[in-house]
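These entries record what I looked up in the structure shown below.

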Amino acid sequence: MTDTATPPVLSATRRITGVALASISGVAVAVQSRINGELGERLADGFAAAVVSFGGGLVVLLVLVPLTPGGRRGLVALRGALAKGALRPWQCLGGMCGAFLVASQGLTIGSLGVAVFTVAVVAGQSGSSLAVDRAGIGPTGRQPVTRQRLAGAVLTVLAVGLAVGDRLKDPGMLALALLPLIAGVGTAWQQAVNGRVRAAADSALTATLVNFFVGTVTLLVAFAIDLAVRGWPTGHLPTEPWLYLGGPIGIVFIAIAAAIVRFTGVLLLGLATIAGQIVGAVLLDLVSPTAASHPGLNTLLGAALTMVAVLIAALAPPGRR
């Protein structure tokens, strides 16, 4: 059951603060994408890379949550919310979508590059965020599709398309981009239900643990099927420590999203995260280019336009149901 109550009116200051934090976390997602993409290349298996990334984050959280008073209280509150029916079991499954996103990083970024991967995620996430907000799946309840919010979502897609449009001429690349496109659709739902878990547990850290636990189990099942079909990965575990930071970076992103979605709504959270991803992807492609990275003038213009689109949506007055 979704919340049908009128959502609270939040101040512009809180929305702008939430946008800033989400944008920073978006930059972290771009860095995570590059790391997991490289790890997938080294292991020659995207599912193996996803298991290493998600599993590393889960190990950190299994140590961190029991050690913090807020984490322990969150686990007790979460169990009580599930027992009372205040939180439904399906609302704890956001980690499945996160697992799919991380797997798609390892499977496609080596061929697509961070920028093209991001545009595919954006295309799925923008439309899905509108639908998720309208359905009231997130902790803020139903959010109307106002003209400014719709304009922000459409302008974001157009801006990202401008940024990487020259990379989308290859039909094979378009087909490969379907994986991150679907992952983007799931990301909006993930952010909404993780916000519900945070509200029930009153702890972003506990919500993040639930996300990583569900995601790791999902990836282990997928990896087992992958092993049965293709056999053991032909690559080797790299020795560079930075290639194992995808999980800890994911903890930061998921915790921030779960904490601020009640201030921003799913759409604005998604748009701000997208803006951060675009800026992060452009910076990565400029500072540390790969064979699949070709940043140009259109990429820079698209990144700037994305920030404008997010600002339009952020400054939109709260609508009425």
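This is a predicted model: local features need pLDDT of at least 70, side-chain atom pairs count only at pLDDT 80 or more; totals for chains, interfaces and linings use all residues.

Entry 1: a helix residue. I looked up Ala153 and found it in helix 5, residues 147-164. I take helices as DSSP runs of H or I with at least four residues, numbered from the N terminus. I count residues from 1 along each chain as its sequence is written, and side-chain values use heavy atoms, with hydrogens and water left out.

Entry 2: Is Ala153 buried or exposed? I note a relative accessible area of 4%, and Ala153 is therefore buried; the classes are buried under 20%, exposed over 50% and partly exposed in between, with a 1.4 Å probe and protein chains only. Setting aside neighbours within four places in sequence, I list Ser126, Leu130, Leu267 and Leu271 as contacts of Ala153, where contact means heavy atoms within 4.5 Å. I also checked Gly127, which is 26 residues from Ala153 along the chain; their C-alpha atoms are separated by 7.3 Å.

Entry 3: salt bridges. Side chains of opposite charge can pair when their charged atoms come close. My criterion is a side-chain nitrogen of Lys or Arg within 4 Å of a carboxyl oxygen of Asp or Glu. By this rule I count five salt bridges.

Entry 4: helix 8. I find a salt bridge between Arg230 and Asp226, with the closest N and O atoms 2.9 Å apart. The two residues are four apart in helix 8, which means that about one helical turn separates them. Arg230 is exposed at 53% relative accessible area, whereas Asp226 is buried at 8%.

Entry 5: Glu38 pairs with Arg42 at 2.9 Å between the closest N and O atoms. Both lie in helix 1, residues 12-43, and are four residues apart, so about one helical turn separates them. Glu240 also forms a salt bridge with Arg42, and here the closest N and O atoms are 3.0 Å apart. Which parts does this pair tie together? Glu240 lies in the loop between helix 8 (204-230) and helix 9 (246-287) and Arg42 in helix 1, so the pair links parts 198 residues apart in sequence. I record Glu38 as partly exposed at 26%, Arg42 as partly exposed at 30% and Glu240 as partly exposed at 25%.
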